[in-house]
Amino acid sequence: AVVSTQSGHYGRDDNMADLFALIQTLQCLEKAYIKDAVTAKEYTDSCSKLLAQISAAFNLVKSSSYPDIPTFMKEYYLECPAALQRIEEGKPITVKDDQGNISRVVADVTSLYITLCDKLQMGMRAKDELYTDLKCLSEELDRMSSLPPNFEGKTKIDFWVSELDKLSAADTLDEEQVRQMVFDLESSREAFVRTLK
């Protein structure tokens, strides 16, 4: 009986270690996608697989001590906010959002347009000050199934993501680029608003 108890104890520890490692892997994958280190297809396939594995691993760990994944992460000081968001949404960021969440996506997109314009007007023009918000804006637009496939606003945002990809973190946009980016952001936002009417 003692051996059996120890075996169960070690098995539970193994399951916890597996869950811990899977969540860390998902966090790394989310960061890699934001940095364009993996393609959208590679990300979507890997993320879908990891989410399924995390769900299965958590079912082996779930107990009164760990009723949910956030509790498990807090208990083991697992700081993986991007992974947690993905787990809570239950799907890769590349998967189109459903209509039930459309109002939240619209709010996020609008907020990102405003944030980027504000940053540029405040003189923030380095890649590391703009890239994350710009990439997030592109991803949020991707999630909106209501937008037409060749939505002009998305094309303009993707152009600037591509341009910033060419720069190192400390590189800055020149005056002409800033003016053009502000113009493109504002026209993209107007096009976005028109699709909501």
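The face of helix 4 that is turned away from its buried side carries two exposed residues, Pro81 and Glu88. Helices are DSSP runs (H or I) of at least four residues and strands are runs (E) of at least two, numbered from the N terminus. Residues are called buried under 20% relative accessible area, exposed over 50% and partly exposed in between, with a 1.4 Å probe and protein chains only. The structure is a predicted model, in which local features need pLDDT of at least 70 and side-chain atom pairs count only at pLDDT 80 or more, whereas totals for chains, interfaces and linings use all residues. Residues are numbered from 1 along each chain as its sequence is written, and side-chain values use heavy atoms, with hydrogens and water left out.

Helix 4 covers residues 81–89, and its buried residues are Ala83, Arg86 and Ile87. Seen down the helix axis, these buried residues fall within an arc of 100 degrees, so they line one face of helix 4; the arc is that of the directions from the helix axis to the C-beta atoms. An α-helix has 3.6 residues a turn, so residues three or four places apart point the same way. Just after helix 4, Gly90 takes a positive phi of about 75 degrees.

The protein chain as a whole has 8 helices and 0 strands. Its radius of gyration is 21 Å, well over the 16 Å that the globule rule gives for 197 residues, so the chain is more spread out than a compact globule. The radius is taken over C-alpha atoms, and the globule rule is 2.2 Å times the number of residues to the power 0.38. The C-alpha trace spans about 75 × 40 × 25 Å along its principal axes. Of the 197 residues, 37% count as buried. The accessible surface comes to about 11200 Å², of which 54% belongs to carbon and sulfur atoms; areas come from the Shrake-Rupley method with a 1.4 Å probe, and for residues only the protein chains shown count as cover.

The largest nonpolar core has 27 residues, of which Leu134, Leu137, Leu141, Met181, Leu185 and Phe192 touch the most other members. A nonpolar core is a set of buried Ala, Val, Leu, Ile, Met, Phe, Trp, Tyr and Cys residues joined through side-chain atoms within 4.5 Å. Two or more residues of this core come from each of helix 5 (102–121), helix 6 (127–142), helix 7 (152–165) and helix 8. Helix 5 gives the most, with 8 residues. Apart from this core lies another, of 24 residues, among them Leu29, Ala57, Val61 and Leu78. Leaving aside neighbours within four places in sequence, Phe192 is in contact (heavy atoms within 4.5 Å) with residues including Val106, Tyr113, Leu141 and Phe151.

Ser188 lies in helix 8 (residues 175–196) and is buried, with a relative accessible area of 0%. Residues up to four places away in sequence not being counted, Ser188 touches Tyr113, Phe151, Gly153, Lys154 and Ile157. The side chains of Ser188 and Tyr113 are joined by a polar contact of 2.5 Å. A polar contact is a pair of N or O atoms within 3.5 Å; within protein, one must be able to donate a hydrogen and the other to accept it, and residues adjacent in sequence count only if both atoms are side-chain atoms.

Lys41, in helix 2 (residues 40–61), is exposed, with a relative accessible area of 61%. The side chain of Lys41 makes a polar contact of 2.8 Å with that of Asp45.
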